[in-house]
Amino acid sequence: QVHLVESGGGLVQTGGSLRLSCAASGSIFSISTMGWFRQAPGKQRELVATIRSSGTTNYADSVKGRCTISRENAKNTVTLQMNSLKSEDTAVYYCYAYISKAYWGQGTQVTVSS
């Protein structure tokens, strides 16, 4: 079993920054892809950013230039630095890891107020 635990969500004003972190634990040999998705009220869950064990990254167009994803393979952690936050970034953010199958964290709320 694999567990993902997120931290770092909260309330921030428009233009502010937040840093989300996620740690994976459990029966892990290697994690091919880690990342972040988000789900706003009334909307489907959507990709924010992913990063492969090689370091290759992928970002949603809506966050390119404002967010940076990074990971520490040895620690099985992934971090999302979010800058210049907008009200439309308000959502529950979910950590994701692919280890033979997809695993999800419980989510952390990010609220951006104007």
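In the predicted model, Arg38 has a relative accessibility of 6% and therefore counts as buried, the limit for that class being under 20%. The residue belongs to strand E4, which covers residues 33–39. A polar contact of 2.9 Å links the side chain of Arg38 to the side chain of Asp89. Beyond the neighbours within four places in sequence, the contacts of Arg38 include Gln44, Arg45, Glu46 and Val48.

The chain as a whole contains 11 strands and zero helices. The radius of gyration is 13 Å, close to the 13 Å that the globule rule gives for 114 residues, so the chain is as compact as a globular protein of that length. The C-alpha trace extends over about 45 × 25 × 20 Å along its principal axes. Of the 114 residues in the chain, 43% are buried. Among contacts with a separation of 6 or more, 52% are between residues 24 or more positions apart. The accessible surface of the chain amounts to about 6,200 Å², and carbon and sulfur atoms contribute 46% of this area. The chain carries 11 positive and 6 negative side chains; the centres of these two sets are 5 Å apart.

The C-alpha atom of Gly10 is separated by 7.9 Å from that of Thr108, although the two residues are 98 residues apart along the chain. With neighbours within four places in sequence set aside, Gly10 is in contact with Leu18, Gln109, Val110 and Thr111. The relative accessible area of Gly10 is 25%, and Gly10 is therefore partly exposed, a class that lies between the limits of 20% and 50%.

Asn83 is located in the loop that connects strand E8 (77–82) with strand E9 (91–98). With a relative accessibility of 30%, Asn83 likewise counts as partly exposed. The side chain of Asn83 forms a polar contact of 3.0 Å with the side chain of Gln81. Apart from neighbours within four places in sequence, Asn83 is in contact with Gly16, Ser17 and Arg66. Between Asn83 and Lys43 the separation in sequence is 40 residues, and the C-alpha to C-alpha distance is 22 Å.

Positive phi values in residues other than glycine were computed for Asn76 and Ser100. For Asn76, phi is near 55°; this residue is placed in the loop between strand E7 (67–72) and E8. For Ser100, phi is near 70°, and the residue is found in the loop between E9 and strand E10 (102–104). Ser100 has a relative accessible area of 69% and is therefore exposed, as the limit for that class is over 50%.

Notes: Residues are numbered from 1 along each chain as its sequence is written. This is a predicted model: local features need pLDDT of at least 70, side-chain atom pairs count only at pLDDT 80 or more; totals for chains, interfaces and linings use all residues. Side-chain values use heavy atoms; hydrogens and water are left out. Helices (H or I, at least four residues) and strands (E, at least two) are DSSP runs, numbered from the N terminus. Buried means under 20% relative accessible area, exposed over 50%, partly exposed in between (1.4 Å probe, protein chains only). A polar contact is a pair of N or O atoms within 3.5 Å; within protein, one must be able to donate a hydrogen and the other to accept it, and residues adjacent in sequence count only if both atoms are side-chain atoms. Contact means heavy atoms within 4.5 Å. The radius of gyration is taken over C-alpha atoms; the globule rule is 2.2 Å times the number of residues to the power 0.38. Accessible areas come from the Shrake-Rupley method with a 1.4 Å probe; for residues, only the protein chains shown count as cover. Lys and Arg count as positive and Asp and Glu as negative; His and the chain ends are not counted. The place of a charge is taken as NZ of Lys, CZ of Arg, CG of Asp or CD of Glu.
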